Structure formats: structure tokens, C-alpha cells
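Morning, everyone. Please bring up the structure on your screens, and we will walk through it together.

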Amino acid sequence: MTEILTSLQQVSNQKLNHLLPIKNGSKKDDCAQTASTSSSGMGIIKAMKRVVLVQAGSVWGSGIIMDAEKGIILTCRHVVKSAINSQVQVRIDFPLRHWKVADVVFCTKMSSPLDLAVLQLQNTQYLNLTDLEIASNYEKGQDVCVVGHALFPRELSMQPSITYGVLSNLVTVGDNPILLQSTCAVHSGASGGPLLCAETGKLLGIVASNSKDTRSGASFPHVNFSIPMAAIQTALDDFIKSNNVQCLQMLNTSHKDIQRIWTLQDDILSEENHNSPQSRL
């Protein structure tokens, strides 16, 4: 069995390597490929192995395995809203593509601006993953990437897609990061996937949505928003250690400033300039 898994991992690594972008020039020689996969590319590959497709009824989205041993997955609340009997189907692509059943163990309330859900796989067999690295700081202008199963349904989404951009804005309440804005292209199906540091592959946040004009219905894929891990990690770590769902209740924040930020409703804009375009998540 060990030999089989090792062989599958090698095949999976080869597939993931082809998804890495060519950043300098149009040709990629052997030396460039080796450099890419041995430095920043390897960090992204490690993180991509944790990205899953989450299917709830006719709705699908993305998620990321936060704890392989316990089968804990982080995704978005709106991805699992159509779950039947609090269960969803999860497709895992590494080391081999297969489907598992996961229980929806927690969803933030609709009143919470943090659109999050926590899943737990009923079976963790074959989850052979390295430790997940989580970023401890954020820098405006840093290179980032989004990984997820965007646009294509599960029959066509054979591998997660990856798009690159920069961290264009970092919004804080006090000293606490509460919203990350990036220029990566984010489309339907990417929700719940990870926002990664492009240099290290470290997890920065969970993609919640792109922006949308509520009047015209037009969406803006390159203006998108993620929930920083800094706003999630304490509650999630406590849950993983204790298996007590009550630890996740702190994600049901009712802080007015956080509510205002995540609905993108500026008080001055809404009161004094009613003719300006209004956007929402």
C-alpha cells in the first residue's frame, strides 16, 4: 500500500507542476522548471493538495483541509447552504481522486459577516498531507494567488484552477485584520478556497466572494474579498484541539464595524451620494 501511495503522489505532483505559471518569458526550460518547483512553487503545490471540491445539492464550491488527521475542512457558509441532512460530498484530488462524505459541523449565522462553515470528513483514509503553513502577517501589495474549483462543474473540473494577483487592500478593525482584498480573478465556485502567499504558499485567508453591482448585476472578478486567517485561526485551533463546536461560536461576530466593512456600506456614501454605484459581496 505504501508503494502505491508513493507512486500516486508522484503522479499527482507531476500534474500539479503543470498548473504553475510561467512568470519570466514564454519558454520554460528544465533549469527554470527545477527552480520553480524547488522554491515558491513547492509551497503552492503543498497547499493545492489540500484544496477540495465541495458539493451540496446542485451547488458546488471549494474548501481547504485544515487538519488531515481529523478531516477538518474550512469553506464558506453559502457553499453548504443546500446540504441535505447536514452532509455534503467532498472530492479530494490527492494522492488520488476520490469522493468522501463530510458532516457540516458548524456554520456561522446569517447575521454574521464572516461567511464560514466547518466540515468534518467521516473517513480520513488516504489523507497523506504535509503540515499546513499559515501566514502570520499580511503586506499590502504582496503577490498572492487563489486556488479553487471555479466556473466548471465537477465533471469538467479535473484540477483546481489557480489565478495570481496582489493583495490590494488590508482592512483592519483596531489592529485586527478583518478583510483582505485581492486582484486575483475569482469566479463562481472559488468560494471557500484559499488565498495564498505566492512566494511561500502560506495560507492567508479564505475566499468569500468577488464584488457585484446590485443595480446592474455585473460582477467584478478582480475585486474580491477573503476572510483573513487571523480572524479565524484561534477559534478553529481551539475546536480542533477540543472537538468542542462551542469554540467556533466566536466566529458569529456582531461587531458593527465588521458588519459595515463586510457589507461594503460606507455611511457617507449611503447617506450623501445615493446615485453612486452600490456594491456588495
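Let's start with the contacts. Take those in the protein chain with a separation of 6 or more: 62% of them are between residues 24 or more positions apart. Keep in mind that this is a predicted model.

Now the overall inventory. The chain has six helices and 13 strands. There are 281 residues, and 46% of them are buried. The accessible surface is about 13900 Å², with 49% of that belonging to carbon and sulfur atoms.

Next, the inside. The largest nonpolar core has 69 residues. Leu 74, Val 88, Val 90, Leu 119, Leu 236 and Trp 262 have the most contacts inside it. Which strand gives the most to this core? Strand β11, residues 203-213, with five residues.

Leaving aside residues up to four places away in sequence, Leu 236 touches Met 66, Ile 72, Leu 74, Val 118 and Leu 248.

On to the barrel. Six strands close into it, in the order β1-β2-β3-β6-β5-β4. The pairing is antiparallel. From one strand to the next, the twist averages 40°. A quick reminder on sheets. Strands pair through backbone hydrogen bonds, and the pairing can be parallel or antiparallel.

Zoom in on β5 and β6. These two run antiparallel and are joined by five bridges. Phe 106 stands opposite Val 118 in β6. Then look at helix α4, residues 233-242, which packs on the sheet. Helix α4 touches β2, β3, β5 and β6. Its direction makes about 155° with that of β3.

Now the charged pairs. How many salt bridges does a search of the whole structure find? Three.

One of them joins Arg 77 and Asp 115, with the closest N and O atoms 3.8 Å apart. Arg 77 sits in the loop between β3 and β4, and Asp 115 in the loop between β5 and β6, so the pair ties together parts 38 residues apart in sequence. Are these two buried or exposed? Both Arg 77 and Asp 115 are buried.

Asp 93 takes part in the others. Arg 91 bridges to Asp 93, with the closest N and O atoms 3.0 Å apart. Arg 97 also forms a salt bridge with Asp 93, at 3.1 Å between the closest N and O atoms. Shared partners join Arg 91, Asp 93 and Arg 97 into one network.

Why do we call Arg 91 buried? Its relative accessibility is 2%, and the cut-off for buried is under 20%. Asp 93, at 11%, counts as buried too. Arg 97 has 36% relative accessibility, so Arg 97 counts as partly exposed.

Last stop: strand β10, residues 194-197. Both faces of β10 are covered. Pro 194 and Leu 196 are on one side, Leu 195 and Cys 197 on the other, and all are buried.

Finally, the turn. β10 and β11 form a hairpin, with five residues between them. Find Gly 201 in that turn: Gly 201 has a positive phi of about 80°.

That's my tour. Thank you.

How values were computed
Residues numbered from 1 in each chain as written. Predicted model: local features only at pLDDT ≥ 70, side-chain atom pairs only at ≥ 80, totals over all residues. Heavy atoms only, no water. Helix = DSSP H or I, 4+ residues; strand = E, 2+ residues; numbered from the N terminus. Buried < 20%, exposed > 50% of the residue type's maximum accessible area, 1.4 Å probe, protein only. Contact = heavy atoms within 4.5 Å. Areas by Shrake-Rupley, 256 points an atom, 1.4 Å probe, with all protein chains shown as cover. Core = buried A, V, L, I, M, F, W, Y, C linked by side-chain atoms within 4.5 Å. Salt bridge = Lys/Arg side-chain N within 4 Å of Asp/Glu carboxyl O. Pairing = 2+ DSSP bridges. Axes fitted to C-alpha atoms, helices over the stretch in contact; angles between N-to-C directions.
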